[in-house]
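Here is a protein model, with a reader who has not seen it before.

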Amino acid sequence: MLSPPLYLDFSRKQGEWVANRFGGRENLEAIDFIRRFNSVVHELYPNALTIAEESTAWPSVTRPVEEGGLGFDYKWNMGWMHDTLQYFANDPVYRAYHHGTLTFSLLYAFSERASSSPFPMMKSSISSGACWTKCPVLTSGREVRQSATALHMWSHPGRKLLFMGGEFGQWQEWSEARALDWFLLDEDPQHAQLKDMVQELNRLLATERPLYEDDYSWDGFQWLDLHDYERSILAYIRKSPSTGESIQTVLNFTPVVRHGYRLGVPEPGIYEELFTSDDEKYGGSGIVNTPRPSMDIPAHGQPHSIEMMLPPLGAVYLKKQNDT
């Protein structure tokens with residue numbers, strides 16, 4: 001659905017619009033319409049979801065109408081998508097100088113109920129070009145699959161969103177005028193491997209409480225290391241407030257294998273990989289970690305740590321085994 005613009009000066013030059021009765025540029029009638037729309041939709045269809053594509057700093061897009069908001073369930077996280085694409089447009093040699101582009105999203109992640117904007121894994125509809133034309137090292141489907149580019153989305157706070165066809169790496173930009181290019185699954189195993197990887201990530205997202213329970217507060221997220229810019233690595237924890245479970249996520253944004261990487265963990269125990277993008281079944285090189293026992297060596301502000309390998313351009317999710 002297309003709604004009226006929130007601003008009276010939207011796509012208008014000076015002198016082409018008239019201020020509202022308070023002298024501002026806010027479109028008061030449009031705001032009333034959007035609030036009324038969301039109120040009626042949620043009253044008549046309680047299970048319906050409304051999602052806003054709003055790229056300005058308009059406040060309270062996802063706050064309930066009765067609390068002064070616009071009443072949407074979610075808002076596309078356009079800033080996260082553009083920042084991430086901008087980061088991956090840089091050659092890995094220079095990514096150390098742009099590390100803050102990746103961490104910036106957590107400064108505002110909990111101000112709205114955001115959904116990740118549709119992220120291109122092999123196709124960028126924003127740039128109308130293949131992903132690897134923006135990402136220097138992504139010169140094949142295998143590297144796209146291994147890349148932490150897209151994998152960052154599944155563990156990042158916020159609901160997830162993909163363009164249709166992105167789950168198997170469709171080359172063409174999606175269009176309602178034609179069917180998806182399902183034939184690619186038979187023509188090139190890389191596309192089938194990407195589909196299998198996305199399927200597994202979605203399974204984890206649906207079954208692992210730390211990945212979905214709390215997307216909108218610091219109770220569900222904790223940085224382990226956001227300052228490792230020299231190696232272009234991010235490490236953080238997703239947490240389930242109700243069960244105390246946690247999943248440690250490590251993302252390596254360079255095509256370099258990191259041996260002997262020490263990751264801080266909050267509890268002693270055996271930590272096993274829930275997922276690694278470098279698994280051979282996804283077209284990776286097979287760099288995997290066997291279950292890792294914790295050591296009483298502090299790291300990343302945690303009392304314990306494990307030693308592991310990080311795959312190139314990859315993501316690893318780890319979870320402590322049950323004590324039983």
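What follows is a set of questions and answers on this predicted model.

Reader: How many helices and strands does the protein have?
Author: Start with the whole chain. Of its 324 residues, 50% count as buried. Among contacts between residues at least 6 apart in sequence, 64% join residues at least 24 apart. The secondary structure comes to nine helices and 13 strands.

Reader: Which residue of β3 stands opposite Lys75?
Author: Look at strand β2, residues 74–77. Three bridges pair β2 with β3 in the parallel sense. Opposite Lys75 stands Ala114.

Reader: What is the volume of the second largest pocket, and which residues are closest to its centre?
Author: The space in this pocket is about 350 Å³. Its lining has 19 residues. Closest to the centre are Thr56, Lys75, Tyr108, Ser111 and Glu112.

Reader: How far apart are the end C-alpha atoms of helix α1?
Author: Helix α1 (residues 28–44) has 17 residues. At 1.5 Å a residue, they should span 24 Å. The model agrees: the end C-alpha atoms are apart by 24 Å.

Reader: Is Glu208 buried or exposed?
Author: Glu208 is found in the loop between α8 (189–207) and α9 (209–212). Its relative accessibility is 13%. The cut-off for buried is under 20%. Glu208 therefore counts as buried.

Reader: Which residues does Glu208 contact, leaving aside its neighbours within four places in sequence?
Author: Take Leu274 to begin with. Glu208 and Leu274 are 66 residues apart in sequence, yet 9.8 Å apart in space, C-alpha to C-alpha. Leu274 is one of the contacts. The list is Ile247, Leu274 and Lys319.

Reader: Which residue in β7 is the bridge partner of Trp223?
Author: Strand β6 (residues 221–225) has four of its five residues buried, so it is largely enclosed by the rest of the structure. Four bridges join β6 to strand β7 (residues 233–239), and the two run antiparallel. The partner of Trp223 is Tyr236.

Reader: What is the phi of His300?
Author: Most residues other than glycine have a negative phi. His300 lies in the loop between β11 (292–293) and β12 (304–310). At 23% relative accessibility, His300 counts as partly exposed. Its phi is positive, although it is not a glycine: about 55 degrees.

Reader: What is the relative accessible area of Leu313?
Author: Leu313 is found in the loop between β12 and β13 (314–320). Its phi is also a positive value, near 45 degrees. Leu313 is buried, with a relative accessible area of 4%.

Terms used. Residues numbered from 1 in each chain as written. Predicted model: local features only at pLDDT ≥ 70, side-chain atom pairs only at ≥ 80, totals over all residues. Heavy atoms only, no water. Pairing = 2+ DSSP bridges. Expected span 1.5 Å × (residues − 1). Buried < 20%, exposed > 50% of the residue type's maximum accessible area, 1.4 Å probe, protein only. Contact = heavy atoms within 4.5 Å. 1 Å grid on protein atoms, 1.4 Å probe; cavity = no way out; pocket = protein on both sides within 12 Å on 5 of 7 lines; lining within 4 Å. Points joined across faces, edges and corners; volume = space filled by probe spheres on them.
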